[in-house]
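Please keep the sequence and the structure in view as you read.

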Amino acid sequence: MPTTPKTSPFAPDVGAVRAWMEEMIRALRFAELVVAVVAFIARMCEVNRELTKKLAELRRKRPRSETLERLQRQLLLPFGNLQASNEQPAAQTEAARPTRSRKGRHPGRAAFPAWLERVEVKNAVPPELRNCDICGTEMNTVGYSRCEILNVIPARVVVEVRLDERVACPKDDTIVSAPTPPAIVERGKLGDTLIVEATCDKYLEHTPVERQCTRLAREGVEVAPQTLGRSVAAHIDLLTPVARLIEEQTRAPGLLGTDATGIPILDPGVADGIRTGAMWCWTNARWVSFFYSQSADSASVRRFLGDVLARTVQCDGTSVTSFLERAGGKRPGCWSHGRRRLVEAARAGDLIALDGLQKIAAIFAIEKESKLKGDTAEQRKVRRQEFSRPILEDLRRWIDEQRERIPPKTPLGHAVGYLHRQWKRLILFLDDGNIDATNNRRERELRRLILGRKNWLFTWLDVGGERTAAILTIVATCIAHDVNPRRYLHLATRLIVQGWPNQKLRELLPDRMLVAHPELYVGEGAADNLPSAAA
């Protein structure tokens, strides 16, 4: 009587399987053969799916896209006859789509901003074409056709020679010299404009100081990275009082949001020479503050918030901020984090997770429609109560059903468990139109740090982390107020260096500078309708 061969789906013994199949055929046991082969193929498919998932995780830290449409395409079986009957193949879907012509719909080339300087370059008719083909008379200029092309004038590295005047009295030996003008670095070899540009290049364009020095070397100028780095540090120290005022504005009453990420700290005092600090990002309306701490613990959150802890702070599901609820505050959750575990479960091959993702997608669709229609906070609350609440009630029933069926240690079990534990926080956005459905804004703000971290790799000691937080605070708040951060840094630095009084330091905040200097505006629409500064 044939016996089932003992083999593994990871490394099957092909010879043993072939001999077993031949023995089954001779015994005419076809039904058992088909059942065994199908079970063996199913097990190999399961193993292949696990290996594919591990390979994807090794190739990239985070998947490129978590959209529902992409997940559904990834989970389609490769066998055409196993597709759902109500789904059409992609080729038929594309063929059924009506083709739309772009003819007559193109708006044409957009005009360049009116405030940009125009440099006229005359394109003269060549001498051989200036004579008339009919009578041979030289033709006169009757006008020019205008064509605008965007171009750039490359920066020049120059040596600024300052001539300090000395005056002498003709009647005695009295001599007076012009006082040395103030600068970011007193008696330094680098000019203020170069230092501000270096700061902007590092924290706006994420260009490390060493790479900037290499660029200067190509121009024939040797500047040591230590010299440029210390100058940038002095510049940030000069602007730190402005960053502290922005921090106060962020801490003021209002809806707060926060998230944190790590920042490598170069420290000779530790065993490996490098340790990881924490950078918190806090937002309150258009105010953004980065706050450095040695670790992302609850003490760092308390240091930022101060004595008032009964606040509404939107964040992810971390336990670090749980003390806010015990102090009487609220912690609205993040639906992007809530769906992310369902995405991981779906990528692991669990099709049940797609049901939850589709329900959550409806919530995001309602939020998108609210944004497109420009809802106020009260209108957004009404819309959520009418449309989002029934969806969430259905999702809650789905979660309860899956918790009874799905083992908690599986990927889907982890996803459902997270939604169950965070449910009270996740639904807080229904009752307040000012609360976002996600914490995505804080994650977007942290990208400035993350992109820079990938280039300049680390910072020096805790003071370097604090300086990084200060300059990112100013840059992020400028961008949130539609202020050109590079122009702002040049203007604010010049005013502070020239002796701007401390009692008027609030006048250097981005919102007030925008009112005083409308040329800093880089948002949509005209700068004439800018709001007045707050008193």
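## A nonpolar patch on the surface

In this predicted model, Ile25, Leu28 and Phe30 form a nonpolar patch on the surface, and together these residues have about 310 Å² of accessible area. One of them, Ile25, belongs to helix H1, which covers residues 14-26.

Is Ile25 buried, exposed or partly exposed? Its relative accessibility is 41%, and because buried means under 20% and exposed means over 50%, Ile25 counts as partly exposed.

## The buried face of helix H6

Helix H6 spans residues 209-218, and its buried residues are Val209, Gln212, Cys213 and Leu216. When the helix is viewed down its axis, these buried residues fall within an arc of 100 degrees, so they line one face of H6.

What covers the buried residues of H6? The cover includes helix H5, made of residues 192-203, and helix H7, made of residues 225-251. Just after H6, the chain reaches Gly220, which takes a positive phi of about 90 degrees.

## The chain as a whole

The protein chain contains 18 helices and seven strands, and of its 535 residues, 35% are buried.

How values were computed:
Residues are numbered from 1 along each chain as its sequence is written. This is a predicted model: local features need pLDDT of at least 70, side-chain atom pairs count only at pLDDT 80 or more; totals for chains, interfaces and linings use all residues. Side-chain values use heavy atoms; hydrogens and water are left out. Buried means under 20% relative accessible area, exposed over 50%, partly exposed in between (1.4 Å probe, protein chains only). Helices (H or I, at least four residues) and strands (E, at least two) are DSSP runs, numbered from the N terminus. The arc is that of the directions from the helix axis to the C-beta atoms. Contact means heavy atoms within 4.5 Å. Patches are made of residues with over 30% relative accessible area and no salt bridge: like charges are joined within 9 Å, nonpolar side chains (Val, Leu, Ile, Met, Phe, Trp, Tyr) within 5 Å. Accessible areas come from the Shrake-Rupley method with a 1.4 Å probe; for residues, only the protein chains shown count as cover. A salt bridge is a side-chain nitrogen of Lys or Arg within 4 Å of a carboxyl oxygen of Asp or Glu.
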